[in-house]
Amino acid sequence: MNSDESKDAVFVEIPELCKRYDGSRRRRRRQIHRRPLQLQRSAYDPTIVSLGPYHHGRPDLLAADEVKYRFLDRLTSGDSAKKTSLYSKVVEKIDEIRDCYADLNCVEKYDDRALALMILLDACFVVSLVDGLAGDESFFADWQLCRGLASLWFVIRDVMLLENQIPLQVIKMIINLQHGEELGEELLHKFSNWLMTGEFSTGGRSCISPLAAPVEEEEPLHLLEACRKLLIVEQNYTPTKLSGIKFTQIDDEHNFNQTFRSVTELKEKGVEFKASSSYFVTDIHFESSPLSGRLHIPARVVSSISFVFLSNMIAYEMSPGSETGYEVLSYANFMKSLIESPADVKELQEKGILINKFQNHEQLLEEFKGVDTFGLDNLDVFKEVRREIEEHCRSKAKTWMADLIHTRFRSPWTVVALLAATFLLCLTFLQTFFTIHPAL
């Protein structure tokens with residue numbers, strides 16, 4: 001091949017390369033991503049129902065797809081005109097819906113009509129689940145015919161998976177058309193609270209704003225993101241420096257060695273544990289007194305499903321375009337540093353911080369160890385808490401008092417013996433004094 005032919009071959013290949021990378025496609029800053037490939041599939045793959053395109057059509061999930069048509073009938077009272085109207089509204093947003101997904105190869109397998117029908121049926125399923133938890137027993141009756149009520153907890157699990165999300169705007173559109181905007185927003189708020197706290201109530205703050213949301217606060221893209229916002233108190237600790245494998249800000253005034261101590265170690269240093277008054281994962285704070293310290297940690301129901309939620313929220317935080325402070329990831333690392341043995345689990349359970357749904361402490365410990373945090377941590381999230389704990393532990397006076405109280409006087413009989421000995425010593429002193437000075 002001469003030099004001219006070689007140049008022609010190169011020029012022929014360049015347009016093909018440009019075609020593969022379509023830079024004209026509009027990109028969202030946030031998208032629904034797949035889990036990182038290195039993570040285990042068990043915590044990120046649906047087991048009962050698929051939502052969205054990523055797992056659509058899997059043979060083991062087809063049974064749940066059939067019942068989705070029942071829920072569409074229920075929401076539209078079987079009216080064909082209403083079904084067509086809902087479908088048309090989804091089709092109108094199909095470009096925006098399609099652009100919500102980061103895996104283009106997967107989404108482009110479906111034309112606009114197929115994708116619109118898929119998202120409509122999935123959204124009707126989620127809305128029916130919300131209605132069921134709000135008291136509409138028809139959802140449970142329909143699901144009982146499909147898969148049985150024993151699988152309902154796995155449905156809840158599947159709804160919170162990163163790869164099983166659909167655009168929240170479609171869910172909101174359908175539930176607002178069904179119940180009106182005010183009641184629809186309230187039901188979604190209650191549902192989000194139920195997923196995070198187990199209480200179907202309006203307690204706490206709303207993370208889902210009306211459809212006409214103010215521009216300054218960005219609407220959650222999907223349900224997982226909305227639920228995550230319920231757990232976060234917004235603060236200004238976005239990581240600014242990558243130090244080793246730890247995100248941290250350098251602060252010369254409060255620079256200290258970031259140490260990690262277990263519950264047992266802290267207890268020996270005079271630190272007590274108490275459940276915080278809120279369920280925000282960032283509501284962890286430390287109180288120090290002359291004789292002891294107290295670490296406040298939000299109470300959390302812990303089960304196999306709750307650890308799936310935790311893992312998927314961490315995967316969301318690490319997704320491209322997710323501008324977060326890695327709060328849930330940092331919370332997981334903080335708790336993993338506290339819990340190193342079954343004794344640590346027992347202590348936190350006795351204090352009402354961990355509401356353990358596992359059969360034993362060892363099983364919960366293994367679940368915590370299995371949460372993947374990608375080897376990263378934003379130390380700025382709990383920097384002040386760690387600094388205060390470290391200052392307490394380095395105080396000789398406080399740790400000496402803690403050793404005296406928690407080690408020397410661990411048994412109440414030791415305290416009684418000390419008081420008795422002190423009383424006898426006082427009597428001996430008085431007897432000696434009046435023996436020397438009888439006139440007094």
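Leu 295 is in contact (heavy atoms within 4.5 Å) with Val 271, Glu 272, Phe 273, Lys 274, Ile 284, His 285, Phe 286, Phe 334, Leu 338, Val 385 and Ile 389, when its neighbours within four places in sequence are left aside. The structure is a predicted model, in which local features need pLDDT of at least 70 and side-chain atom pairs count only at pLDDT 80 or more, while totals for chains, interfaces and linings use all residues. Residues are numbered from 1 along each chain as its sequence is written, and side-chain values use heavy atoms, with hydrogens and water left out.

Together with Ile 174 and Met 335, Leu 295 touches the most other members of the largest nonpolar core, which holds 106 residues. Such a core is a set of buried Ala, Val, Leu, Ile, Met, Phe, Trp, Tyr and Cys residues joined through side-chain atoms within 4.5 Å; buried denotes under 20% relative accessible area, exposed over 50%, and partly exposed the range in between (1.4 Å probe, protein chains only). The most is given to this core by helix H6 (residues 112–133), with 13 residues. Helices are DSSP runs of H or I with at least four residues, numbered from the N terminus.

Helix H9 (residues 168–179) and helix H10 (residues 181–197) have axes that come within 7 Å and cross at roughly 125°. Axes are lines fitted to C-alpha atoms over the stretch in contact, with angles from 0 to 180 degrees between N-to-C directions. On the H9 side, the contact is made by Ile 171, Lys 172, Ile 175, Asn 176 and His 179, and on the H10 side by Glu 181, Leu 183, Gly 184, Glu 185, Leu 187 and Leu 188.

Leu 230 lies in helix H11 (residues 223–230) and counts as buried because its relative accessibility is 0%. Its C-alpha atom is separated by 7.9 Å from that of Ser 192, 38 residues apart along the chain.

Most residues other than glycine have a negative phi. Ser 77, in the loop between helix H2 (62–76) and helix H3 (80–92), has a positive phi near 55° and counts as exposed at 63% relative accessibility. Phe 374, in the loop between helix H16 (361–369) and helix H17 (383–394), has a positive phi of about 65° and counts as partly exposed at 23% relative accessibility.

Methods
Helix = DSSP H or I, 4+ residues; strand = E, 2+ residues; numbered from the N terminus.
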